[in-house]
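Q: I'm new to this structure and would like to learn how to read it. Could we go through it together, one feature at a time?

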Amino acid sequence: KKAPVRGRQRGQAGHRGIVEKTEQKVFSYIEEHHMIASGDRIVAGVSGGADSLCLLFLLLKFARRVPFRLCVVHVDHGIRQDAEEDARYVEELCAGEGIPFILRKADVPAFAKAEKCSEEDAGRRIRYEAFREAAEGMGGAKIAVAHNSNDNAETMLFHLFRGSGLKGLCGIAPVREGVIRPILCLDRREAEAYLEERGIVWRTDSTNDGDGYSRNRIRHHIL
């Protein structure tokens, strides 16, 4: 199955403009930071949200220019009742594109309680553990995650408020320790516009709407 399309239709000229502009911007960013080389193996973290689907479909397009092997990892955090629908949606997209799909289920609230950390931190640790396991299974793959420029601003403020040295205030690096962030050059609205123009529907995470997490408060009330 291919990605479902939205009901409204766009003019072809507008479609080509946004899609081509976004792809050119991201592909130049990938090349500038030497993120992907021919023959690479890449594990992409895909939640089903706008950012991660934008990452996925841009990687698929870039693979036409620079061939590489791609695998998708989806993590069910065990927090939302509709999380299984997200996993099924991403799995169907991957099946339609012929991409290997790995599902990792976890109990983030229980892990956070056991480790005496926030659910935000627990989720991040579990996700990266799943990504690294998949990367090792592919024989040492790179890990691609969907941080964008909004995430970068949120991270810098989060570190500033918590107390940080200069390294923390530098924000998110485009490449670090085997992790690449190809859409760090885009903001959230650009990612959504790219998907809209291509007629790709994304899933919405209801936990992003409340103020229970520190990043949500920064996003909603500061940025």
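This is a predicted model: local features need pLDDT of at least 70, side-chain atom pairs count only at pLDDT 80 or more; totals for chains, interfaces and linings use all residues.

Q: How many helices and strands are in the chain, and what percentage of its residues count as buried?

A: The chain has 9 helices and 6 strands. Of its 223 residues, 43% count as buried.

Q: Let's turn to charges. Which residues form salt bridges with Arg125?

A: The general idea is that side chains of opposite charge can pair when their charged atoms come close. In this model, Arg125 meets Glu115 in a salt bridge at 3.3 Å, N to O. That pair links distant parts of the chain, with Arg125 in helix α5 (residues 119–137) and Glu115 in helix α4 (residues 108–115), 10 residues apart. Arg125 also meets Asp121, this time at 3.4 Å, N to O. Arg125 is partly exposed at 31% relative accessible area, and Glu115 is partly exposed at 40%.

Q: How many residues apart are Arg125 and Asp121?

A: First the general idea: an α-helix has 3.6 residues a turn, so residues three or four places apart point the same way. Arg125 and Asp121 both sit in α5, 4 residues apart, which is about one turn of the helix. Glu192 is partly exposed at 22% relative accessibility, and Arg189 is partly exposed at 46%.

Q: How many salt bridges are there in the whole structure?

A: A search finds 16. Some are linked up: Arg80, Asp82, Glu85, Asp86 and Arg203 belong to a network of salt bridges.

Q: Now the inside. Which residues touch the most other members of the largest nonpolar core?

A: In soluble globular proteins, nonpolar side chains tend to be buried together. Here the largest nonpolar core has 41 residues, and Ile36 and Leu53 touch the most other members. Elements that each supply at least two residues are α1 (12–32), β1 (41–45), α2 (50–62), β2 (69–76), α3 (83–97) and α8. The largest share, 9 residues, comes from α2. There is also a second, separate core of 20 residues, which includes Val43, Ile126, Phe131 and Ala135.

Q: What is Ile36 in contact with, leaving aside its neighbours within four places in sequence?

A: Its contacts are Ile30, Ile42, Leu59, Phe62, Val66, Phe68, Lys142 and Ile180. Find Ile42 again when you look at the strands: its bridge partner in β2 is Leu70. β1 and β2 run parallel, joined by 5 bridges. β2 is mostly covered, with 7 of its 8 residues buried.

Q: How should I read α3? Which of its residues are buried?

A: Start with its length: α3 has 15 residues and reaches 22 Å from its first C-alpha to its last, close to the 21 Å expected at 1.5 Å a residue. Its buried residues are Ala83, Asp86, Ala87, Tyr89, Val90, Leu93 and Cys94. They cover an arc of only 160° around the axis, so they lie on the same side of α3. Among the elements covering them are α2, β2 and β3 (101–105). After α3 comes Gly98, with a positive phi near 70°.

Notes. Residues are numbered from 1 along each chain as its sequence is written. Side-chain values use heavy atoms; hydrogens and water are left out. A salt bridge is a side-chain nitrogen of Lys or Arg within 4 Å of a carboxyl oxygen of Asp or Glu. Buried means under 20% relative accessible area, exposed over 50%, partly exposed in between (1.4 Å probe, protein chains only). A nonpolar core is a set of buried Ala, Val, Leu, Ile, Met, Phe, Trp, Tyr and Cys residues joined through side-chain atoms within 4.5 Å. Contact means heavy atoms within 4.5 Å. The expected span of a helix is 1.5 Å times one less than its number of residues. The arc is that of the directions from the helix axis to the C-beta atoms. Two strands pair if DSSP finds at least two bridges between them.
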